[in-house]
Amino acid sequence: MERPEPPDFPRSRAILLGTSTYAHLPAIPAALNSLRAMERLLTGPLCGWPADRVTVFADLRGPGELTAPLRLVRDTSDVLFFYYVGHGQPTLDEDLCMGLVDTAVEAEERKLTGLSMSTLRETLGYSQARVKVVVLDCCFSGIATEKQQSASGQ
């Protein structure tokens, strides 16, 4: 079996997004621990990512604060690694909503107040990355594996 090509780190990016405190949902204090553990794993000797290629976003309030992490997707041309930890909730149209601090409890408002899988998938489509990896550490993450939710749309 051939070994996969190692990342070209100057053209790669890891985006780590985690929410531990919520205005309308129960807090998940362990989410910040997981976020920091993932950062240590990626930048440690096992994975070897340079710290300046791993960007951590913790406790973003709402969709308006997603601009910075989602912009990083576009400037990645080799390996793009996206990690989310926090509350995951289904929306009315069976999409996955990744919770942010101000994400609503009501299903009909979740897509407007969190990060939907459909938005993430669309943003990933703008990336020219050779490899795209998404790790979802949340409830209802299986929704993202449904046919209409897959990264390839297949």
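This is a conversation about how to read some features of a predicted model.

Visitor: What should I know about the model before I look at its parts?

Guide: The model is predicted, with local features needing pLDDT of at least 70 and side-chain atom pairs counting only at pLDDT 80 or more, while totals for chains, interfaces and linings use all residues. Residues are numbered from 1 along each chain as its sequence is written, and side-chain values use heavy atoms, with hydrogens and water left out.

Visitor: Which residues does UniProt list for the domain?

Guide: An unreviewed UniProt entry lists residues 12–146 as "domain: Peptidase C14 caspase"; UniProt positions are given here in the numbering of this model, feature names are shortened, and annotations may be inferred rather than shown by experiment. In the model, this span is 29% helix and 24% strand, and its end C-alpha atoms lie 27 Å apart. Helices (H or I, at least four residues) and strands (E, at least two) are DSSP runs, numbered from the N terminus.

Visitor: How are two packed helices described?

Guide: Two packed helices are described by the angle between their axes and by the distance between those axes. Here helix H2 (residues 67–74) and helix H4 (residues 117–126) pack at an angle of about 35 degrees, with axes 7 Å apart; axes are lines fitted to C-alpha atoms, for helices over the stretch in contact, and angles run from 0 to 180 degrees between N-to-C directions. Leu-70, Val-73 and Arg-74 of H2 meet Thr-119, Leu-120, Thr-123, Leu-124 and Tyr-126 of H4, where contact means heavy atoms within 4.5 Å. The residues of this contact divide into 5 nonpolar, 2 polar and 1 charged; Ala, Val, Leu, Ile, Met, Phe, Trp, Tyr, Cys and Pro count as nonpolar, Asp, Glu, Lys and Arg as charged, and the others, Gly among them, as polar.

Visitor: Which residues of H2 are buried, and which exposed residues does the face turned away from them carry?

Guide: An α-helix has 3.6 residues a turn, so residues three or four places apart point the same way. In H2 the buried residues are Pro-69, Leu-70, Leu-72 and Val-73, where buried means under 20% relative accessible area, exposed over 50% and partly exposed in between (1.4 Å probe, protein chains only). Seen down the axis of H2, these buried residues fall within an arc of 145 degrees, so they line one face of the helix; the arc is that of the directions from the helix axis to the C-beta atoms. The face of H2 turned away from this buried side carries the exposed residues Arg-71 and Arg-74, while the cover over the buried residues includes strand E1 (13–18), E2, E3 and H4.

Visitor: Which residues of H4 are buried?

Guide: They are Met-117, Leu-120, Arg-121, Thr-123 and Leu-124. Within H4 these residues fall inside an arc of 165 degrees seen down the axis, so they line one face of the helix.

Visitor: Is Cys-97 buried or exposed?

Guide: Cys-97, in strand E5, is buried, with a relative accessible area of 0%.
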